[in-house]
Amino acid sequence: MLSHRTLLQRLQTLAAGSTLLLLSACSTIDRGQPPVLQPNATWVVLPFANHTETPLAGNRAEAIAEALLHARGVGRVQRYPASTQQEALFDSGDAKRQEEVLAWARGQQAQYALTGAVDEWRYKVGVDGEPAAGVTLRIVDVATGNTLWSGAGGKSGWSREALSAVAQKLIRQLLDSGLAGAR
């Protein structure tokens, strides 16, 4: 027969394990090793591809990413001056478009560019309507066009949480990983 104390310890262990399992089911993140980045570099936020059915999801993610870069104090940050119509036309696989935005970034004398794609940006269908966001980010060396770091993640929130809050948490987690190598 188990003692009261042993039973209590097992129940606490089970509760802690269940909580961790529940929380880990809320997000998935994969990311590369952080690059060594120069402090006080000039950054640009380039257009994010919108792979969702939600209008302007790419623009929303760009705005969050720009604000988070400013909050991290990475240096001067500027956003690509794109119209909302361009988002619908922008395809991250379009080499001509990529070279156009990189040429603009070079003209701004930027060292690093942040770009990415939005793969999910919605409230899930159902009674609770949970918010869900899926984003990929890339830090690009503007001079060469080479990707220095990339990360991808998906996160869902609770029914009373705002979609923008879930997306901000996800983008922050990804950026914290990508900027970890900043000197």
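1. The sheet is open and has six strands in the order S1-S6-S5-S4-S2-S3, with mixed pairing. Strands here are DSSP E runs of at least two residues, helices H or I runs of at least four, numbered from the N terminus. Two strands pair if DSSP finds at least two bridges between them. S1 (27-31) and S3 (77-79) are the edge strands; each has a single partner, so one side of each lacks a neighbour in the sheet. On average, neighbouring strands are turned by 20° against each other, direction ignored.

2. This is a predicted model: local features need pLDDT of at least 70, side-chain atom pairs count only at pLDDT 80 or more, and totals for chains, interfaces and linings use all residues. Residues are numbered from 1 along each chain as its sequence is written, and side-chain values use heavy atoms, with hydrogens and water left out.

3. S4 (residues 112-123) and S5 (residues 131-141) run antiparallel, joined by eleven bridges. Tyr112 stands opposite Asp141 in S5.

4. H2 (residues 57-72) packs on the sheet and touches S2 (43-50), S3 and S4. Contact means heavy atoms within 4.5 Å. The direction of H2 makes about 155° with that of S2. Axes are lines fitted to C-alpha atoms, for helices over the stretch in contact; angles run from 0 to 180 degrees between N-to-C directions.

5. H5 (residues 163-178) lies across S1, S4, S5 and S6 (147-156), at about 30° to S5.
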